[in-house]
Amino acid sequence: MIFAINEINKNPKMLPNVKLGYKIYDNCGTMDILRAALALVSGQNRELSEESCTETVQAILGHSGSSPTIALAQVVGRFQIPVISHFATCACLSNRNEYPTFFRTIPSDYYQSRALAKLVKHFGWSWVGALAVNNEYGFSGMAAFIKAAQEYGVCIEYSEAFSSSDPPSRLQRITEIIKQSTSKVIMAFMSHREIKLLATELYQHNITGLQWIGSDAWITDLSLTDIKGHKILVGSLGFTVPTAKIPGLEEYLRQLDPSQFPNSRFVQEFWDEVFDCSLNETVNTQRQPCSGYKSLQNVESQFTDVSELRFTKNVYKSVYAVAHALDNLIKCDSGQQLFSSGSCIDPKQIQPWQVFQYLNTVNFTTEEGERVYFNKNGDIPARYELVNLQYSIQGIMEGRTIGIYDASFPDRQQLIMNNNTVVWGNGLVEEVPLSVCSERCLPGTHKVLQKGKPVCCYDCIPCPEGEISNVTDSVACVKCPPAYWSNKRRDACIPKEIEFLAYDEILGLVLVVFSLLGVFLTMVTTLVFYCHRETPLVRANNSELSFLLLFSLTLCFLCALTFIGRPSEWSCKLRHTAFGITFVLCISCVLGKTIVVLMAFKATLPGSNVMKWFGPLQQRLSVLAFALIQMLICMLWLTISPPFPFMNFLLYKDRIILECDTGTALGFCAVLGYIGLLAILCFAIAFLARKLPDNFNEAKFITFSMLIFCAVWITFIPAYVSSPGKFTVAVEIFAILASSFGLLFCIFLPKCYVILFRPEQNTKKHIMGKTSNYDMQY
């Protein structure tokens with residue numbers, strides 16, 4: 001401070017014809033500081049008698065502690081005297097209602113607390129403990145830190161406060177809390193006195209491996225190395241004001257001589273310590289008296305070392321801030337007049353409130369290029385250096401700069417790390433220590449909070465089926481789109497498997513084999529009948545309708561193949577219409593054969609002329625007519641609302657059923673209903689002819705075949721409705737094959753047996769039997 005005042009007084013461009021004076025109050029303790037403040041306010045103890053000096057003090061510089069400054073600023077503020085502190089960081093001092101004239105050249109703890117919270121978040125620590133000194137400085141700083149930490153998603157496991165004057169039991173209780181806690185990171189918002197007591201206590205209990213986050217009140221304090229357990233603080237991180245240089249200060253300090261400050265107890269003790277002598281022989285008789293030739297020019301000590309100036313520069317800026325305010329006030333620049341009178345101020349009549357007004361508008365740049373100004377709360381822009389406590393080459397613990405924090409930058413750019421090596425509290429260099437309540441939830445899981453615990457304590461629950469999380473620490477799982485499903489790890493949506501009855505699966509292959517087997521047996525039967533077409537048995541069974549029936553059965557067996565494979569627009573139309581038409585053709589043939597049998601026996605009655613009304617031409621026309629009706633139904637169905645391929649998302653969650661939608665249920669029911677109507681009619685006629693002579697059992701076989709046909713399709717309906725997915729198609733194919741095999745076996749198998757193995761029964765006499773008078777003309 002004295003160096004800065006002397007420098008200003010020697011500067012002809014600043015405060016011309018005006019000299020700055022000062023009075024130093026170097027007593028300790030809050031009460032002594034308040035007494036000094038009141039003495040300054042009242043004008044007591046004035047030691048300067050020059051008439052050119054002002055009646056009252058224009059500004060007060062100090063104090064370095066927040067608690068004394070709070071008491072000081074409240075009292076002095078009532079008298080409109082500006083107070084400028086270089087080290088009082090309590091955020092509470094930014095309250096202009098409580099401290100209307102307070103300024104500071106060190107950033108508020110509000111910014112430091114937010115910077116500490118951002119630092120914790122930057123390294124991924126979400127579970128921390130918080131300790132503070134038991135005063136306004138500690139409470140305010142810890143409260144601001146906790147608030148900012150919660151905004152960043154960081155949880156506080158515990159928050160405790162103590163002071164150096166507390167009983168030992170208080171410190172022991174906090175030590176036990178730290179020992180029992182699971183967090184490995186501790187934010188300590190306290191002074192060097194409290195951190196040294198705490199470090200010593202933890203060292204005695206062998207509690208190590210903690211990562212400390214410190215406030216600027218202790219993080220670079222050189223006295224930390226004086227305690228025995230200081231090594232547990234190695235690796236600590238914290239923010240402090242940037243280092244700076246003050247040109248000429250080192251030369252000034254080396255010219256210090258006790259004669260310049262004869263009443264200073266601090267200078268006397270410093271001199272005695274450096275030169276191991278005694279300035280006052282009556283006080284210290286164990287040391288030799290100091291000679292007058294002692295000098296600091298060649299002495300290396302903390303006092304003369306100006307390589308790490310941090311808070312010292314704040315004092316320098318404080319003095320210059322007051323000097324610039326006075327300079328602007330005295331020079332009476334028309335552009336900066338703040339008083340309504342518009343007249344200039346007599347330097348002898350300057351009042352503190354006038355200096356206060358001009359301090360609000362101070363804006364200057366230091367020789368190093370640092371801009372100095374105060375905001376509406378009396379704070380300067382917040383800029384810090386991030387330091388890491390490491391051992392130097394000499395084995396001394398010192399703070400090494402590893403980054404910067406500038407609150408004026410955008411939020412994501414405020415914390416900037418450099419490439420310097422970081423030493424962590426666990427002793428490691430490369431691996432960042434972990435401090436979390438719960439391990440991070442990997443993709444495929446989501447967080448579920450543990451009951452009664454902070455939001456950082458949670459369980460990682462796997463995502464349910466159909467939902468995923470593809471980021472770490474997901475709070476919720478996201479549903480996959482309808483056409484997608486979650487993979488086994490639940491971290492990605494993959495296209496759902498499209499399921500349909502395919503040729504390459506076992507079920508499809510079995511149905512294809514049976515379908516082709518039916519075609520083969522039908523062809524064999526056709527061949528047998530064709531080779532024996534002139535035999536009485538074939539002729540007696542209406543060979544023309546028999547061949548047409550065999551042809552329609554072949555189509556029925558082949559129709560089953562259209563139901564297998566990936567459904568497409570044409571296959572969906574083909575399978576249902578082909579099924580309807582071929583089965584109607586088949587049933588029409590059976591119906592024609594049944595009517596022929598019934599008519600044939602009616603024709604044996606005397607005077608009956610029935611057969612001329614149902615000869616071969618009428619038989620063909622009847623089959624054609626029945627088939628045309630089904631074709632008409634199918635054409636209307638395909639025109640109005642045809643079947644189409646449809647992706648069913650509702651039946652299964654994990655796969656899509658690709659099926660043929662009937663388009664309209666009415667069309668499908670009409671096709672099936674018409675087939676059913678013909679089948680019932682055929683069964684009824686065959687049932688009426690069931691008691692024909694045994695040797696002519698065509699009607700009996702048709703009855704059995706229709707019985708099987710009706711039984712198959714009656715059971716088909718509930719099975720079709722209840723079968724899921726591709727099994728619906730399989731049920732329909734099974735019904736087609738079963739009914740087709742029923743017709744083939746019941747109608748043609750007995751005849752093939754007679755033709756191939758009982759040729760002696762394949763005679764007209766045997767077939768006619770008791771009906772020898774029946775003329776087989778057809």
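Let me start at His 63, which sits in the loop between β1 (60-61) and α3 (66-77). The peptide bond from Gly 62 to His 63 is cis, with omega near 5 degrees. Most peptide bonds are trans.

Before going on, the ground rules. This is a predicted model, where local features need pLDDT of at least 70 and side-chain atom pairs count only at pLDDT 80 or more, while totals for chains, interfaces and linings use all residues. Residues are numbered from 1 along each chain as its sequence is written, and side-chain values use heavy atoms, with hydrogens and water left out.

How confident is the predictor? pLDDT is its confidence in each residue, from 0 to 100. The protein averages 85, and 90% of the residues score at least 70. Confidence is highest in strand β6 (residues 185-189), at a mean of 96, and lowest in helix α20 (residues 764-768), at 67. Over residues 770-778 pLDDT stays under 50, and for that stretch the model has 15 contacts beyond four places in sequence. A contact means heavy atoms within 4.5 Å.

Back to β1. It belongs to an open sheet of three strands in the order β1-β2-β3, with parallel pairing. β1 and β3 (102-104) are at the edges, each with a single partner strand, so one side of each has no neighbour in the sheet. Two strands pair if DSSP finds at least two bridges between them. Strand β2 (residues 83-85) is joined to β3 by three bridges, and Val 83 stands opposite Phe 102 in β3. α3 lies across β1, β2 and β3, running at about 160 degrees to β2. For such angles, axes are lines fitted to C-alpha atoms, for helices over the stretch in contact, and the range is 0 to 180 degrees between N-to-C directions.

Asn 206 is not a glycine, yet has a positive phi of about 55 degrees. Most residues other than glycine have a negative phi.

Next, a second sheet. Three strands form an open sheet in the order β22-β24-β23, and here the pairing is mixed. The edge strands, β22 (497-499) and β23 (644-648), each pair on one side only. From one strand to the next, the twist averages 30 degrees. β22 runs parallel to strand β24 (residues 655-661), and three bridges join them. Which residue in β24 is the bridge partner of Glu 497? That is Arg 655.

On a 1 Å grid over the protein atoms alone, a cavity is a set of points where a 1.4 Å probe fits but cannot get out; a pocket is an open set with protein on both sides within 12 Å along at least five of seven lines; and lining residues have an atom within 4 Å of a point. Points are joined across faces, edges and corners, and a volume is the space filled by probe spheres set on them.

The structure holds five cavities of 30 Å³ or more. The largest cavity has about 60 Å³ of space. Its lining takes its largest share, three residues, from β24. By class, that lining has seven nonpolar, two polar and three charged residues. Ala, Val, Leu, Ile, Met, Phe, Trp, Tyr, Cys and Pro count as nonpolar, Asp, Glu, Lys and Arg as charged, and the others, Gly among them, as polar.

Last, the second largest pocket, with about 470 Å³ of space. It is lined by 22 residues, and those nearest its centre include Lys 317 and Arg 371. The lining divides into nine nonpolar, five polar and eight charged residues.

Conventions
pLDDT = per-residue confidence, 0-100. Helix = DSSP H or I, 4+ residues; strand = E, 2+ residues; numbered from the N terminus.
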